[in-house]
Amino acid sequence: MLEDKNKQRTSLAELGEFGLIDHLTQFFKINHETTVKGIGDDCAVISHDNETLITTDFLVEGVHFDLSYMPLKHLGYKAVMVNISDVYAMNAEAEQITVSIAVSNRFPLEAIEELYAGIQLACDTYKIDLIGGDTTSSTKGMIISITAIGSAKKDEIAYRNGAKPTDLIVLSGDIGGAYLGLQVLEREKEVFKVNPQNQPDLQEYSYIIERQLKPEARKDIPKLLKELEVKPTSMIDVSDGLSSELIHICTQSKVGCNIYEEKLPLDPQVISTCEEFDLDSTTVALSGGEDYELLFTVPIKDFDKIKGNPNLSVIGHITEENEGVNLITRGNQSIKLKAQGWNSFNQER
Ligand code: ADP
Ligand code: MG
């Protein structure tokens, strides 16, 4: 984890809005020819021949993140991942973002610098151009809104509604880790409240904590699929949990599906942490969100092209709509899946 280096405290009022924007954005590079004009005018300008994809997300302190265990640099990085993941989930390339922030006077310049260090690391790593945003104050806490812009050829875009009976259901990477990482962090926060001297040893949870604090969007998957000459018939990213994403694909495609418990890709740390917390690993895989893996369907004729690929697991297949959305257990029972994903409006506050 990164050290919080907020020793110095420069108030945001000292710089003023324009000074702050210049200061934060001075080291960002432009990577794409499609970016005609970035930061500095009334609008950014983008130009390309392909389709344009646009997606936006809010991150609100106390609702989507907790700064007591989320370092600001990680938050900046994750905020970008959450957005560009949606672009990759259309089988497209993410190229630009805008970043809008509202911050209360609780945050000094050094804190916003940390946030932007994370945003910059994400932009450098994923070749994303920061082309604009807005900066304002809030009466309480921090709010971040990022918009990501991408492009793809018209016939390459994968929507949620194209899955067909007999298609294979494929998942990148492994799932459940981000949710369990959050459980570990929440537990340590409670321990810390009781005994602030206690320095937790989180080594054995390093993978799942990283999945929660520093998720990576699967930029590599649209590229891999192009190389394999596989066009996904539908695609979505796993932000709310596998069950609810499967239901989205099946509802929009007017199909059903069977997925197989024994095929769910789980990291050994997910399995051992489930045992420790007395959680069922299949439930965690189905309902834990925030893994930012890609879930997609491919025609069965493409099985040979994807089988054995270490990045991809075939977890089931699409059926007729009237068969429903089912999990086939290790004991060969069929269980109807329900959406239990994260929903911001579920919890009363
Ligand atoms: P305007 O008055 O037209 O809204 P601003 O003074 O808010 O312009 O912003 C000036 C420039 O800086 C614009 O190009 C805007 O997109 C960019 N910008 C403002 N805030 C941010 C931010 N938080 N991150 C990145 N770019 C920003
Ligand atoms: Mg503005």
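Cys 250 is buried (under 20% relative accessible area, with a 1.4 Å probe and protein chains only), at a relative accessible area of 1%. The model is predicted, and local features need pLDDT of at least 70, while side-chain atom pairs count only at pLDDT 80 or more. Residues are numbered from 1 along each chain as its sequence is written, and side-chain values use heavy atoms, without hydrogens and water.

| Cysteine | Relative accessible area |
|---|---|
| Cys 250 | 1% |
| Cys 257 | 0% |

A disulfide is a covalent bond between the sulfur atoms of two cysteines. The search of the whole structure finds zero disulfides, the criterion being a pair of cysteine sulfur atoms within 2.5 Å. For Cys 250 the closest cysteine sulfur is that of Cys 257, 3.8 Å away and therefore too far for a bond.

Helices (DSSP runs of H or I, at least four residues) and strands (E, at least two) are numbered from the N terminus. Helix H4 (residues 177-194) packs with helix H5 (residues 206-213) at an angle of about 100°, their axes 7 Å apart. H4 is therefore roughly perpendicular to H5, a term for angles of 65 to 115 degrees. Residues in the contact (heavy atoms within 4.5 Å) include Leu 180 and Val 184 of H4 and Ile 208 and Arg 211 of H5.

In helix H6 (residues 220-227), the residues Ile 221, Pro 222, Leu 224 and Leu 225 are buried. These residues cover an arc of only 160° around the axis, so they lie on the same side of H6. The face turned away from that buried side carries Lys 223 and Glu 227, which are exposed, meaning over 50% relative accessible area.

Technical notes: Chains are lettered from A and ligands numbered from 1 in the order in which they are written. Axes are lines fitted to C-alpha atoms, for helices over the stretch in contact, and angles run from 0 to 180 degrees between N-to-C directions. Angles under 35 degrees count as roughly parallel, over 145 as roughly antiparallel, 65 to 115 as roughly perpendicular and the rest as oblique. The arc is that of the directions from the helix axis to the C-beta atoms.
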